[in-house]
Amino acid sequence: MTDFLSQYSIQRWLEMCPQGYLEDTVYGHGPDQHEPEELLDNEVLREASIAVTVQLVAGERCALAASSGLVNAAPDYPSKRFLATQTLDEARHVEIFTQRLFDLGVKKDDLESTIQAYTNPNLVKFAEVLLEKVADGDFVAGVVGQNIVLEGMAFTVFELLQATSVEANPKFAHTLAGTIADERRHVGFGENRIGSLIRQHPEKRAEIERMQGEMSYHMLATFADVFGASGESMDEGRKMAEAHGVEPEATWHGADLAHASAEEMEAVLSDTVLKEFKVRLGRIGLEYQSPKVPA
Amino acid sequence: MEPHELDQDDFIAQVQSFEFWFEAVEGYLGDKPYGRDAEVPEPPLDDLERDALVTTLCNYCVGEAAALEASSGLVRLAPNHHAQIFLATQVADEARHLEVFLHRLAELGITDARAEVERRANPGLLAFKERLLRFVDAGDWEAAVFAQNVVLESMEDTVFRFHASVADPKTQQVLEGVVADERRHLGFGENDLGRRLARHPEDRERLAAVRAELDPLVLRSFEEAYEALGLGRDDRPSLGRDYLHSVERLGLTA
């Protein structure tokens, strides 16, 4: 365990992250990169971008609260130190996505009201399930909820957003690339550290599996709401891309990004996240629980 | 634009950001694995000197573990997102301090640091840690920030700066990096509480009472450290006086 945890030290994090892939970035992107003018001038696309970014801020605020709350519950110094790096990663994500809201034209004084207006209520419920475990000081459930379920979801959502932005919005794609690298590290810690703890505490399995089912339900409900409202903005985005001769990356997990409907996009995202959950939970000795399908 | 040219809200947004932290630590941590130049040789220490350094570093670990647990607990209590982000940077700083001191202990041949820290921890410092974490657990932002970012940081700043002036070159470099962080944390505590006290002068009395409770624990920690190091009365530095002078800046008379 000591060898594996040495890969998650502060020193390693400093070398990989601030002195590695974040070097020469400002708010996670190149200093000369900006939101595309076409996006800022198109009210449908601008509002849709604000709505999506608000969900990212809300998710990252939850991750910041969870990772900082888990530091005290961690059973050993190396885990505490890793969670300290994760706390700072999550704070950085809150900061860069908040900055994106400002870049999209949200006024500083309107930040909280904008976040309140656009945050999906199902995402709030998703966060509440996790933060209840953290507040109880339940380290094992907290890390599964945070580093497997929340981070697993974030990782896949960021990958999809990056695939759709890489040509049309290189600034946002660059921002997402750094967060994906962070999330990969967080998921890796969750899988490596929690497997042994689950083996030591098999009695916790049922309760943690129930939590995963509940969080997955709220996640799917969030996806349904977000994609249900995204038809017009997807059409606008494609028109803009076509007008500029930009072809989004052809496929993502089998979905044709240039032509898939909102329903098809929701289905492929949900399937991809749930498949990831199954694999990752299996690695730590937990059985994936199929959530109820949101109405 | 330079930070001092900004209005108060923009100044706070800037200095309490990840970006600001990122630029600050890059300056003094770049090319310094575990807080010091890799090529600095291990100093020749006799058994007594080595044992004294191990005791001192073990107590630094107690202080840094307290700061790590307190600052991470404070993230959820922060009144706004700028303060939350600043505290997240402090969480990483405190974890780094714990890591560099544990690493230094390993270099000195300590294989079970946790047990060694438990064995050598000063009771006064442990009592301080317990009181600090009770403020955090109770959700008392003002008392917890005062105890953590003013009292504990002042104590550490005083001790580390003194120690850096007499330490071997390797330990000295580690301490200098830690002191640079502590000054940022102290600045946050003084700025946050200074603004609060200006708006709510009635809180002075309560924080003065907190100080009256904590000062004796800090001074006791110094005395215990001197005794553990075998320092005679005439050889003891005036850390207590320096600490009291430093914590006085908020004008809270115990």
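In this predicted model, Arg131(B) sits over the face of Phe135(B), at 4.0 Å from the ring centre. A charge is taken to sit over a ring if NZ of Lys or CZ of Arg is within 6 Å of the ring centre and within 35 degrees of the ring normal. Local features need pLDDT of at least 70, side-chain atom pairs count only at pLDDT 80 or more, and totals for chains, interfaces and linings use all residues, while side-chain values rest on heavy atoms, with hydrogens and water left out. Residues are numbered from 1 along each chain as its sequence is written, with chains lettered from A and ligands numbered from 1 in the order in which they are written.

Next come the aromatic rings. Searching the whole structure turns up ten aromatic pairs over all chains. One of them joins Trp141(B) and Phe188(B), whose ring centres are 6.5 Å apart and whose planes stand at 90 degrees, so this pair is edge-to-face. Rings of Phe, Tyr and Trp (its six-membered ring) pair if their centres lie within 6.5 Å; planes under 30 degrees apart count as stacked, over 60 as edge-to-face and the rest as tilted. The pair ties together distant parts of the chain, with Trp141(B) in helix 7 (residues 141–166) of chain B and Phe188(B) in helix 8 (residues 169–199) of chain B, 47 residues apart. Helices here are DSSP runs (H or I, at least four residues), numbered from the N terminus. Trp141(B) is buried at 5% relative accessibility, and Phe188(B) is buried at 4%. Buried means under 20% relative accessible area, exposed over 50%, and partly exposed in between (1.4 Å probe, protein chains only).

Phe222(B) and Tyr243(B) also make an edge-to-face aromatic pair, 6.3 Å centre to centre with 75 degrees between the planes. Distant parts of the chain are linked here as well: Phe222(B) belongs to helix 9 (residues 203–228) of chain B and Tyr243(B) to helix 10 (residues 239–247) of chain B, 21 residues apart. Phe222(B) counts as buried because its relative accessible area is 5%, and Tyr243(B) is buried at 0%.

Trp13(A), Phe18(B) and Trp21(B) form one aromatic cluster. Trp21(B) is also among the residues touched by Asp93(B). Asp93(B) itself lies in helix 4 (residues 81–107) of chain B and is buried, with a relative accessible area of 2%.

Tyr27(A) is not a glycine, yet has a positive phi of about 50 degrees. Tyr27(A) is in the loop between helix 2 (10–21) and helix 3 (37–41) of chain A, and at 25% relative accessibility is partly exposed. In chain B, Tyr34(B) has a positive phi near 55 degrees, again in a residue other than glycine. Tyr34(B) lies in the loop between helix 2 and helix 3 of chain B and is partly exposed at 22% relative accessibility. Pro41(B) is found in the loop between helix 2 (18–29) and helix 3 (47–75) of chain B, and counts as exposed because its relative accessibility is 60%. From Pro41(B) to Ser246(B), the separation is 205 residues in sequence and 34 Å in space, C-alpha to C-alpha.

Key
Helix = DSSP H or I, 4+ residues; strand = E, 2+ residues; numbered from the N terminus. Contact = heavy atoms within 4.5 Å. Lists of a residue's contacts leave out its neighbours within four places in sequence.
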